[in-house]
Amino acid sequence: MPEGHTIHRLAQDYAAAFAGTTVRVTSPQGKFSDAAALLDGTALHTADAHGKHLFLGFGAPGRFPAPDAFDPSFAHWVHIHLGLFGKVAFGDAPAPPPADTVRLRLANGTAYVDLRGPTTCALITHDEKRAIHDRLGPDPLRPDADPALAFARVRRSRTTIAALLMDQKVIAGVGNVYRAEVLFRHGIDPYRPGRDITPAEWDAIWHDLVALMREGVRNNRIDTVRPEHTPEAMGRPPRVDDHGGEVYVYRRAARPCHICGGEIRTAELAARNLFWCPACQRN
DNA sequence: CGACAATGAAAAA
DNA sequence: TTTTCCTTGTCGC
């Protein structure tokens with residue numbers, strides 16, 4: 001389930017299970033074996049997320065005897081990007097024999113975690129990590145994020161707001177679900193060019209994303225319907241599909257809008273499926 | 001901008 | 001068995 005909230009939640013979960021402990025590191029699949037051998041027996045110190053990128057900071061062998069002695073510039077960083085269908089699975093020790101698709105397994109005395117199918121799983125330096133941060137836009141889930149930086153790019157672009165919200169250089173962490181849902185919640189036509197978005201609209205979009213994505217981290221799923229539009233409040237059947245969360249438009253093509261009853265539409269936009277309600281999104 | 005490739009697994013047909 | 005997917009780099013026009 002890879003959107004920004006998933007990655008931030010994973011950072012929390014990796015840290016909760018392994019930070020400050022010595023970790024067995026393996027790559028049953030083999031594609032990460034050399035790096036795994038280097039990290040094996042070292043300590044996981046921190047897990048960091050920016051947009052959809054996850055960073056695991058390990059102490060070099062023999063360094064950082066105490067967790068609070070961590071110096072990121074000396075760390076070995078593992079850079080993980082799940083791509084479209086990468087998955088992470090946690091479990092309690094003892095770890096079962098790994099499937100041969102597991103790219104990276106961490107294990108300690110109490111827990112294990114398996115990573116499979118990532119687009120990226122690579123050992124990087126502190127400088128390489130910084131370069132990744134530098135090319136990503138502000139992330140609504142990071143406390144240091146500056147929404148004005150994102151708006152500066154939005155307002156000088158002729159590209160549609162729907163495409164800009166998916167551009168990780170503009171804003172990091174928003175994926176196909178959050179972009180569709182946040183535009184619906186503010187009644188904004190997805191095809192409007194970025195330069196036509198007003199400061200007030202951007203402010204509303206940004207702060208809504210902060211709230212929605214924080215909720216997403218907490219619940220580990222995407223829910224975007226307001227209290228008055230939940231299944232219970234409306235007496236409608238809950239959503240039944242693999243994602244679980246309650247949404248207004250995402251993957252609801254040809255179904256009735258929860259607010260106006262009109263038909264939700266879908267279209268291809270930059271090779272991704274866009275969903276919106278033409279009646280409700282006229283701003 | 002579109003097409004395509006690259007990772008796995010689960011749902012749909 | 002085929003399709004689909006909450007992604008993103010690259011390559012070609």
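Colleague: Let's start with Arg236: in which loop does Arg236 lie?
Modeller: Bear in mind that this is a predicted model. H8 is the helix of residues 231–234, and E9 is the strand of residues 265–269. Arg236 sits in the loop between H8 and E9.

Colleague: How many Å apart in space are Arg236 and His5, C-alpha to C-alpha?
Modeller: His5 is one of the buried residues of H1, while Arg236 is exposed. In sequence, Arg236 and His5 are 231 residues apart. From C-alpha to C-alpha, the distance between Arg236 and His5 in space is 27 Å.

Colleague: How many Å apart are the end C-alpha atoms of H1?
Modeller: Helix H1 covers residues 4–18. At 1.5 Å a residue, its 15 residues should span 21 Å. The model agrees with that, as the end C-alpha atoms of H1 are 21 Å apart.

Colleague: How many residues of H1 are buried?
Modeller: Those buried in H1 include Ile7, Leu10, Tyr14 and Phe18. Among the elements that cover them are strand E2 (44–50), strand E3 (53–58), strand E7 (111–116) and H7. H1 is mostly covered, and of its 15 residues the number buried is eleven.

Colleague: Which residue just after H1 takes a positive phi?
Modeller: The phi in question is about 80°. The residue with this value, just after H1, is Gly20.

Colleague: Where is Asn220, and is Asn220 buried or partly exposed?
Modeller: Asn220 is not a glycine, yet its phi is positive, near 60°. Its place is the loop between helix H7 (199–219) and helix H8 (231–234).

Colleague: What is the phi of Arg251?
Modeller: Arg251 is found in the loop between H8 and strand E9. It has 17 other C-beta atoms within 10 Å and is therefore partly exposed. Although Arg251 is not a glycine, its phi is positive, at about 55°.

Colleague: Which peptide bond is cis, with omega near 0°?
Modeller: Look at the loop between strand E5 (87–92) and strand E6 (102–107), where Pro94 is found. The cis bond there runs from Ala93 to Pro94.

Colleague: Which helix gives the most residues to the side of domain 1 that touches domain 2?
Modeller: Chain A is divided into domain 1 (4–135) and domain 2 (147–276). Their contact takes eight residues from domain 1 and ten residues from domain 2. On the domain 1 side, four residues come from the top contributor, helix H1.

Colleague: How many charged residues surround DNA strand B?
Modeller: In total, 15 residues surround DNA strand B, and the closest are Gly83, Phe85, Thr101, Gly117 and Thr119. By class, five are nonpolar and six are polar. The number of charged residues is four.

Colleague: What is the radius of gyration of chain A?
Modeller: Chain A has eight helices and ten strands. For 283 residues the globule rule gives 19 Å, and the model comes close to that, so chain A is as compact as a globular protein of that length. Its radius of gyration is 21 Å.

Terms used:
Residues numbered from 1 in each chain as written. Chains lettered and ligands numbered in written order. Predicted model: local features only at pLDDT ≥ 70, side-chain atom pairs only at ≥ 80, totals over all residues. Near = placed C-beta within 6 Å. Nonpolar A, V, L, I, M, F, W, Y, C, P; charged D, E, K, R; others polar. Helix = DSSP H or I, 4+ residues; strand = E, 2+ residues; numbered from the N terminus. Buried ≥ 20, exposed ≤ 12 C-beta atoms within 10 Å, placed from the backbone. Domains from an automatic or database assignment. Contact = placed C-beta atoms within 7 Å. Rg over C-alpha atoms; globule rule 2.2 N^0.38 Å. Expected span 1.5 Å × (residues − 1).
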